[in-house]
Amino acid sequence: MTEQAVKSPPQALDRQDERLRQDTGLRGAVRGFFDRVRAGDVGVLPVAVGLVIIWTVFQLLNPIFLSSANLVNLTLESAPVGVIALGIVCILLVAEIDLSVGSVSGLAAAVLAVLLVNQGLPLGVALLAAILTGSAIGLLYSQIFLRFGIPSFVITLAGLLSFLGLQIYVLGAAGSINLPFDSPLVRFAQTAFVPAWLSYVLVVLAAAGLFGSGYAQIRERRERGLSHGTMRGLAIRSVLVLAGLGFAVYYLNRTRGVGWMFVLFIALVLVMHYMLSRTAWGRAMYAVGGNAEAARRAGIKVNAIYTSAFVLVSTFAAVGGVLAAARLAAANQSSGGGDVNLNAIAAAVIGGTSLFGGRGTAFAALLGVLVIQSISSGLTLLNLDSSFRFIVTGVVLLLAVAIDSISRRSRSSHGTA
Amino acid sequence: MPSTSASSDERTSARSGSGSPILSLRGISKHFGAVAALTDIDLDINAGEVVAVVGDNGAGKSTLVKVLAGVHSPSSGTLSFESREVTVPTPADAHALGIATVFQDLALCENLSVVDNLFLGQELRKLRLHEAEMETRSWDLLRQLSAKIPTVRIPVAALSGGQRQTVAIARSLLGDPKIIILDEPTAALGVAQTAEVLNLVERLRDRGLGVVMVSHNMADVLAVCDRVAVLRLGRNNGTFDVAGLSSEELVAAITGADDNAVTKRSARSQPRPGATPTSATTTPTPNPLTEREPDD
Ligand SMILES: Nc1ncnc2c1ncn2[C@@H]1O[C@H](COP(=O)(O)OP(=O)(O)OP(=O)(O)O)[C@@H](O)[C@H]1O
Ligand SMILES: [Mg+2]
C-alpha cells in the first residue's frame, strides 16, 4: 500500500468497508483502471485503441492520411453522421433502435431544399421546418410504439421505406435541388472556420471547464467526508487535456483549421453528455434501458422517457440531414441513403454504446464516428471504392458488437452485468 | 357495519392516538383474466401500526401490495387515504400520496449504481444532480440498516441478494413516506440484517408511520406486528390481534385447517399428546377466540 501512516487522513465515509482495497495515488488509479477493464467495464478503451491502430495503419499505407488537410476534412465529414449517431446513442440507451435515421435525414434535407429554394422561404423558417419534421416523426414513432407495443425496429423499418418515399415525393420530378452557394447555411458547412485565436480560447475554456467542475466535485466531496480525487491528479488531467486539445487545434490550424460545423457537433456532444450524466432525465434514460418496469415502479414516467428518446433520435437525424445537405450544397434522392443509416448506428455501437440498453455515453458518438470516417477516408485515399468501405465498416461494426457482447459476458462473470 | 370494538383496538389506538386509519381498503378485487387474484379485500392501516399480511404462496399478498403501490389498478373496490377516497393509477401517484413500497422482486435497475437506485425518481436537484449529497445520504441510510455494502458506486448487479434487498428497503425510507409496504423484506437477509430490519420496522412505527409487512416468517410476524391480516386464495381469512395469538392459530388460519402439514409435522417432532390440535377440520374457520370482525 502506498498510504503513508503520517499523512493518512481519517478514512472517508465511502472507504470504510475493510474489504475495499484502498486505491490511492497514481498506482491506485492505474490498478483500479486495469481491474475495471478485466471486469468488462471497458469504456472507451477499445475504441481509443482501435483509433490509434487505424490511424497508424493508414498513415503507413499513405502518408497523406494524417496530414492536416486530410484531418480537417475528416472532422467536417464526421459532423453530420456524428450528430445522427448522437441520437442513436439516446435510443440505444433505452434499449430500442431507430433504423430510419438515414431516411429521416434525407427527408429533412429535401424539406429544407424545397422550402428554401423552390418556395423561397427565409433560411430560418426552412431550417425550423426541416428539423421539426424530424421531431414530428419521432413523436409519431413513439406514439405507435407506446400505443400498440410494436417493436421499434419494425416501426422504424416501415419508417425507413415510407420516409424515403416521402423524400422522393417532396423532391419532385427533378429529384435534386441545389442549395445556393452564398447561403449562410452552405457557407457554415463548407467554408466557415474558427479563427485561430478563438480556437485556442475555446481549448483553454474547455480545459478550464474540466478543471472547474472537477474542483467543485472535489470540494463538495471533501466537505462531506467522502473520498475524493487529489488536486494534483485533477491538475495533471486538465493540463493533459489542454495540451492534447491544443496540439490538435494547432495541427488543424496549419491548414484550414477547425470548422464551425465540427464545433457545433462537439457542442451537441457536450450538451448531451451533461444531460445524460448530470440530470434526472439522463438517469431515467439509463434506468429505463436497464429495467423499464423497475423504473416505472420508481415513479419515473417511462412513456415520457421513451417519447423523448424517439423524438431526440429523429430530431438529431434531421439536423444531421440538414448539415449533410449544407455540406453537399444539395439535396437529392440519395441524400441520407447508402451507408448513412448503418454508419450512424455503427458509430454509436463502435463508440461503446451497448445494443442491450442502459450503457453508453454521448462521447460514443464522437469516438465512433471518428473511427468510421477514418476508415472511409483512409480507404478513399488508397483509391479503394465504396465496396471495400462497406466491407471494412461491416467488419468493424461486427468487431465492436463482439467487444460489447464479450465485455457484457465478462461483466456478468464479475457480477456487474 | 358493526363498529370497532374498543378492546381490540386498544393497542393500536394507544400508540397512534388517532382514530381514523391512514389507508383503508374496501372491497378490493383484482382479476387477471379468469384468475381472481384478490376478492373483496378489506383492510385498514393506522398510523403507528404494523400490519402483517400473511398467506400461502399465491394467496395474493404481492398482488395486494402492487394494488397499493399503484402497479396494478384494482378491478373493483375503493381506497381511502386519510379519509379521502383516492385512486392510485401509477406508482408515481402512490409516491405522491406517501406510500413507499419494497417489492418482492425488489425492482432495482441492475445497470445503475447503489446511489442511483436509491434516488431513482427522487433525485436531488433534477437539472444538476447533487451527487455528493446523494452519496452522503445513501451512506446514512445504509448505516441505519447495518448494510454491509463495500461501496455505493458499484452497479447493483454486483451486489448479493441480501445487499440488494437492503438497498430496496433503504430506498423506501427516502422522501418521508407515511406508509411503508414491505413485501417479504427479510427473505434474503442475514441474521444481523433481519434483526436490523425488524428494529427498523419498530422505529418506523414509533415515528407514527403505518407499516404493512408481508412475511412467511411467523416468528417475525408475532415479534413486531400489531395485527395480522390473513389472505387465503385471494380472500380475507380474518384479521387477528397479535397479542395472545399463537403461531399454531395463525398457521391454521393461513392453511384453512387445523389439520395441515405444519401442525402434523410439529406433532410428529414433539409427540406430546394434546399439544397440538389434530382433529380433522376441513372448514376454513380460524380460532373464533382471536378472530376479529371481518370488516373491522
Ligand atoms: N401479472 C399477473 N398476471 C396473471 N396472474 C397473476 C399476476 N400476478 C399474480 N398473478 C396470480 O395471482 C395470484 C396471487 O399471486 P401473488 O403474487 O399475489 O401471490 P403471493 O401471495 O405474493 O405469493 P408468494 O408467497 O409466493 O409471494 C397467483 O395465482 C398468481 O398466479
Ligand atoms: Mg409474493
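This is a predicted model: local features need pLDDT of at least 70, side-chain atom pairs count only at pLDDT 80 or more; totals for chains, interfaces and linings use all residues.
Q: What does an oxygen atom of ligand 1 find in the side chain of Lys61(B)?
A: Here we look for pairs of N or O atoms within 3.5 Å. An N or O atom in the Lys61(B) side chain is 2.7 Å from an oxygen atom of ligand 1. The backbone takes part too: a polar backbone atom of Gly58(B) is 2.8 Å from a ligand oxygen, and for Ala59(B) the corresponding backbone distance is 3.2 Å.

Q: How should I read two helices such as α4(A) and α6(A), and at what angle do they cross?
A: Two packed helices are described by the angle between their axes and the distance between the axes. In chain A, helix α4 (residues 101–118) and helix α6 (residues 152–171) have axes that come within 8 Å and cross at roughly 20°. Angles under 35 degrees count as roughly parallel, so α4(A) is roughly parallel to α6(A). The crossing is left-handed.

Q: Which residues make that contact, and how do they divide by class?
A: On α4(A), the contributors include Leu107(A), Ala110(A) and Val114(A), while α6(A) brings, among others, Leu160(A), Phe163(A) and Gln167(A). By class, this contact has 11 nonpolar, 4 polar and no charged residues.

Q: Where does α14(A) meet α4(A), and is the crossing left-handed or right-handed?
A: Begin with the axes again. Helix α14 (residues 340–350) of chain A and α4(A) have axes that come within 7 Å and cross at roughly 120°, which means that α4(A) is oblique to α14(A). Their crossing is right-handed. Val101(A), Gly102(A) and Ser105(A) of α4(A) meet Val340(A), Asn341(A) and Ala344(A) of α14(A). These residues divide into 3 nonpolar, 3 polar and no charged.

Definitions and conventions. Residues are numbered from 1 along each chain as its sequence is written. Chains are lettered from A and ligands numbered from 1 in the order in which they are written. Side-chain values use heavy atoms; hydrogens and water are left out. Axes are lines fitted to C-alpha atoms, for helices over the stretch in contact, and angles run from 0 to 180 degrees between N-to-C directions. Helices (H or I, at least four residues) and strands (E, at least two) are DSSP runs, numbered from the N terminus. Angles under 35 degrees count as roughly parallel, over 145 as roughly antiparallel, 65 to 115 as roughly perpendicular and the rest as oblique. A crossing is left-handed if the near helix is turned anticlockwise from the far one by less than a right angle, and right-handed if clockwise. Contact means heavy atoms within 4.5 Å. Ala, Val, Leu, Ile, Met, Phe, Trp, Tyr, Cys and Pro count as nonpolar, Asp, Glu, Lys and Arg as charged, and the others, Gly among them, as polar. A polar contact is a pair of N or O atoms within 3.5 Å; within protein, one must be able to donate a hydrogen and the other to accept it, and residues adjacent in sequence count only if both atoms are side-chain atoms.
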